[in-house]
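Hi,

Here is the structure I promised to pass on. My notes follow below it.

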Amino acid sequence: MSQQVQGVIAPGKNEPVRVETIVIPDPGPGEAVVKIQACGVCHTDLHYKQGGINDDFPFLLGHEAAGVVESVGEGVTDVEPGDFVILNWRAVCGQCRACLRGRPWYCFNTHNAKQKMTLLDGTELSPALGIGAFAEKTLVAAGQCTKVDPEASPAVAGLLGCGVMAGIGAAINTGQVGRGDSVAVIGCGGVGDAAIAGARLAGAAKIIAVDIDDRKLETAKTMGATHTVNSRSTDPVEAIRSLTDGNGADVVIEAVGRPETYKQAFYARDLAGTVVLVGVPTPEMQLELPLIDVFGRGGSLKSSWYGDCLPSRDFPMLIDLHQQGRIDLGAFVTETIGLGDIEQAFTRMHEGDVLRSVVVF
Ligand code: APR
Ligand code: ZN
Ligand code: ZN
């Protein structure tokens, strides 16, 4: 048996996205079908459409989603029909060398549904990040479903499934920001702003936001930035040092993903401080640094995969803190849109007008 729903696909490189009928198989062993309630529009969806991730067209786009489990396959015990869940794109395996060493957030063997969703003519779809949630329903591995408080708004909850978790986790999990720390965040889009909100939640005393766009710096203040630096007009390394008694910040989070901003992060951190790279570079980018500075400045240079999150640990906790008013995840939802509005949402995202547009069903 299978069922048919409406979903948004990227049919080919740089072709406009379109709404199509999608065939969803019944869940097999270890799988679940989820009725999607909300799904955010992320840069990665645009990259899929542009052919920047791979050539496995057509893609079923969408991956920052929350919804309700409709049915589960054989052997699924962690979730059941009716559960309100956030979808994650790193369902950990529990058996690889990272998992066995007790560090499952690094899992090297994350998994997705085994069966394929298709178009009516049988063409197999590649779901974005193994999710494909710009659709009324989607098929995932049950481990991609994390149960959270059903009182939370789906539009807010879904965002934890990708960019917002990446930013909060970059501060809290990877950067280990603690009470009293000084933190600088370079790049204040959705990910950087989430890092700022995460740093505030963790008790950072000083949070310096750096961007080249004054509009972004204004939003960063509402997320918790205590100071802002426009790096188009001011040298950010000098500015961060002078705001930290000449020393540099304890933790600097790079949320752009470019060599020049990484270098700024490297030199804007205090001796023995931490740099966290959460911005995603492209394959041709190169970094050149004096090795003596890498040695002499000490500390740690880390990258953050999906905020080094463990969905089962972090999603319910962050939703609870949001529900208690201790972190405002709602501030990341700039607008809610329909399934037919994704192309315009890409344009607005590209122009820097929104933190997140969220499709609601
Ligand atoms: N210096 C400082 N800020 C910059 C620079 C720069 N040279 N170039 C761009 N920015 C700012 C932009 O003005 C914008 O506010 O970085 C921000 C990037 O934000 P978004 O484009 O909204 O991207 P976001 O969703 O936050 O993701 C940031 O993290 O997960 C990765 O792939 C993602 O690499 C991307 C990064
Ligand atoms: Zn594993
Ligand atoms: Zn994403």
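Five residues of domain 1 touch six residues of domain 2. On the domain 1 side, three of the touching residues are nonpolar, one is polar and one is charged. Please keep in mind that this is a predicted model.

The domain bounds are as follows. Domain 1 covers 2-161 + 328-360, and domain 2 covers 167-304. Their C-alpha centres are 29 Å apart.

Next, the core. The largest nonpolar core holds 114 residues. L61, V183, A184, V185, A195, I196 and I253 have the most contacts inside it. The top contributor is α4, which gives seven residues to this core. Domain 1 and domain 2 both supply residues to the core, so it lies between them. As general background, nonpolar side chains in soluble globular proteins tend to be buried together.

V183 is worth a look on screen. Neighbours within four places in sequence aside, V183 contacts A171, V177, A199, A204, K206, I207, A249, D250, V251 and I253.

Last, the ligand. Which residues are closest to ligand 1? They are G187, G189, V191, G257 and V280, out of 24 that surround ligand 1. The shell around ligand 1 has ten nonpolar, eleven polar and three charged residues. At least two shell residues come from each of α4 (163-174), α5 (190-201) and β12 (206-211). Of the shell's contributors, α5 gives the most, with three residues.

Best wishes

Key
Residues are numbered from 1 along each chain as its sequence is written. Chains are lettered from A and ligands numbered from 1 in the order in which they are written. This is a predicted model: local features need pLDDT of at least 70, side-chain atom pairs count only at pLDDT 80 or more; totals for chains, interfaces and linings use all residues. A residue is near a molecule or strand if its C-beta atom, placed from the backbone, lies within 6 Å of it. Helices (H or I, at least four residues) and strands (E, at least two) are DSSP runs, numbered from the N terminus. Ala, Val, Leu, Ile, Met, Phe, Trp, Tyr, Cys and Pro count as nonpolar, Asp, Glu, Lys and Arg as charged, and the others, Gly among them, as polar. Domain bounds come from an automatic or database domain assignment. Two residues are in contact if their C-beta atoms, placed from the backbone, lie within 7 Å. A nonpolar core is a set of buried Ala, Val, Leu, Ile, Met, Phe, Trp, Tyr and Cys residues joined through C-beta atoms within 7 Å. A residue is buried if 20 or more other C-beta atoms lie within 10 Å of its own, exposed if 12 or fewer, and partly exposed in between; C-beta atoms are placed from the backbone.
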